[in-house]
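Open the model in a viewer and keep the sequence beside it. The tour goes from one selection to the next and says what is there.

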Amino acid sequence: METSQPDIFISHASADKDQYIHPLAEALKARGVTFWIDNAEIGWAENWVEQINEGLRTTKFALLCLSHNFLLRPWPEAEL
(Lines give C-alpha, C1' and ligand atoms only; values in the text may rest on other atoms or scores of the structure.)
Protein backbone atom coordinates (compact mmCIF):
# COMPACT_ATOMS: atom_id res chain seq x y z
CA MET A 1 0.00 0.00 0.00
CA GLU A 2 1.44 3.36 -1.03
CA THR A 3 1.35 6.14 1.53
CA SER A 4 0.95 9.73 0.46
CA GLN A 5 3.78 12.18 0.82
CA PRO A 6 3.32 14.38 3.90
CA ASP A 7 3.13 18.10 3.27
CA ILE A 8 5.43 19.29 6.05
CA PHE A 9 8.34 18.00 8.11
CA ILE A 10 8.14 19.72 11.51
CA SER A 11 11.65 20.37 12.79
CA HIS A 12 11.66 21.38 16.43
CA ALA A 13 13.29 21.00 19.83
CA SER A 14 11.68 18.42 22.08
CA ALA A 15 11.52 20.99 24.88
CA ASP A 16 9.03 22.99 22.75
CA LYS A 17 6.77 20.05 22.01
CA ASP A 18 4.08 20.51 24.67
CA GLN A 19 3.80 24.29 24.55
CA TYR A 20 4.18 24.95 20.83
CA ILE A 21 4.50 21.87 18.62
CA HIS A 22 1.49 19.83 19.71
CA PRO A 23 -0.86 22.85 19.34
CA LEU A 24 0.69 23.57 15.93
CA ALA A 25 0.21 19.96 14.85
CA GLU A 26 -3.42 20.01 15.94
CA ALA A 27 -4.04 23.25 14.01
CA LEU A 28 -2.43 21.79 10.88
CA LYS A 29 -4.44 18.58 11.22
CA ALA A 30 -7.69 20.54 11.60
CA ARG A 31 -6.91 22.29 8.30
CA GLY A 32 -6.13 19.08 6.45
CA VAL A 33 -2.37 19.66 6.27
CA THR A 34 -0.39 16.44 6.58
CA PHE A 35 2.89 16.45 8.45
CA TRP A 36 5.77 14.35 9.66
CA ILE A 37 6.51 14.64 13.37
CA ASP A 38 8.96 12.46 15.26
CA ASN A 39 6.76 11.07 18.02
CA ALA A 40 4.16 9.87 15.49
CA GLU A 41 6.61 8.47 12.95
CA ILE A 42 9.43 6.89 14.94
CA GLY A 43 8.82 3.69 16.85
CA TRP A 44 10.56 2.85 20.10
CA ALA A 45 13.13 0.43 18.64
CA GLU A 46 13.67 2.19 15.31
CA ASN A 47 16.82 4.01 14.25
CA TRP A 48 15.78 7.61 14.90
CA VAL A 49 18.54 9.16 12.75
CA GLU A 50 17.52 7.02 9.80
CA GLN A 51 13.82 7.80 10.34
CA ILE A 52 14.40 11.56 10.59
CA ASN A 53 16.50 11.53 7.43
CA GLU A 54 13.75 9.60 5.67
CA GLY A 55 11.18 12.11 6.90
CA LEU A 56 13.26 14.96 5.54
CA ARG A 57 13.61 13.20 2.19
CA THR A 58 9.95 12.36 1.76
CA THR A 59 8.08 15.50 2.77
CA LYS A 60 7.25 18.36 0.42
CA PHE A 61 8.35 21.17 2.76
CA ALA A 62 10.24 21.60 6.02
CA LEU A 63 8.89 23.82 8.76
CA LEU A 64 11.64 25.00 11.06
CA CYS A 65 10.31 25.95 14.49
CA LEU A 66 13.20 28.10 15.58
CA SER A 67 13.45 28.83 19.30
CA HIS A 68 16.01 29.28 22.03
CA ASN A 69 15.63 25.57 22.84
CA PHE A 70 16.19 24.68 19.19
CA LEU A 71 19.47 26.58 19.07
CA LEU A 72 20.74 24.82 22.20
CA ARG A 73 20.24 21.30 20.80
CA PRO A 74 22.75 19.63 18.41
CA TRP A 75 20.29 17.50 16.42
CA PRO A 76 17.72 20.14 15.43
CA GLU A 77 20.57 22.37 14.28
CA ALA A 78 21.82 19.52 12.11
CA GLU A 79 18.38 19.33 10.47
CA LEU A 80 18.95 22.84 9.14
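Which residues make a nonpolar surface patch of about 290 Å²? Select Leu 64, Leu 66 and Leu 71, which form that patch. This is a predicted model, so every stop on the tour is a feature of a prediction. Stay on Leu 66, in the loop between β3 (61-64) and α4 (68-72). Its relative accessible area is 56%; since exposed means over 50%, Leu 66 counts as exposed.

Next, show the strands. Three of them make an open sheet in the order β2-β1-β3, and the pairing is parallel. At the edges are β2 and β3, each of which pairs on one side only. Between β1 and β2, which run parallel, there are two bridges. To find a bridge partner, select Phe 9: in β2, its partner is Trp 36.

Keep Phe 9 and Trp 36 selected and show their side chains. The structure holds one aromatic pair. Phe 9 and Trp 36 form that pair, with ring centres 4.8 Å apart and 15° between the planes. Why does the pair count as stacked? Planes under 30 degrees apart count as stacked, and here the angle is 15°. Phe 9 belongs to strand β1 (residues 8-11) and Trp 36 to strand β2 (residues 35-36), so the pair ties together parts that are 27 residues apart in sequence. Are the two residues buried or exposed? Phe 9 is buried, at 1% relative accessible area, and Trp 36 is buried as well, at 6%.

Now turn to the charged side chains. How many salt bridges are there? The count comes to three.

Select Lys 60 and Asp 7 for one of them; their closest N and O atoms are 3.3 Å apart. This pair links distant parts of the chain: Lys 60 is in the loop between α3 and β3, and Asp 7 is in the segment before β1, 53 residues apart. Lys 60 counts as partly exposed, with 45% relative accessibility.

Move to Asp 38 and Lys 17. Their side chains meet in a salt bridge of 2.6 Å, N to O.

Select Arg 57 and Glu 54 next. They form a salt bridge in which the closest N and O atoms are 3.0 Å apart. Both residues lie in helix α3, three residues apart, or about one turn of the helix. An α-helix has 3.6 residues a turn, so residues three or four places apart point the same way. Arg 57 is exposed, at 57% relative accessibility, while Glu 54 is partly exposed, at 35%.

For the last stop, stay with helix α3 (residues 48-58) and select Gln 51, Ile 52 and Gly 55, which are buried. Look down the axis of α3: where do its buried residues fall? They fall within an arc of 100°, so they line one face of the helix.

Methods
Residues numbered from 1 in each chain as written. Predicted model: local features only at pLDDT ≥ 70, side-chain atom pairs only at ≥ 80, totals over all residues. Heavy atoms only, no water. Phe/Tyr/Trp six-rings, centres within 6.5 Å; stacked < 30°, edge-to-face > 60°. Helix = DSSP H or I, 4+ residues; strand = E, 2+ residues; numbered from the N terminus. Buried < 20%, exposed > 50% of the residue type's maximum accessible area, 1.4 Å probe, protein only. Arc of directions from axis to C-beta. Patch = residues over 30% accessible without salt bridge, like charges linked within 9 Å, V, L, I, M, F, W, Y side chains within 5 Å. Areas by Shrake-Rupley, 256 points an atom, 1.4 Å probe, with all protein chains shown as cover. Salt bridge = Lys/Arg side-chain N within 4 Å of Asp/Glu carboxyl O. Pairing = 2+ DSSP bridges.
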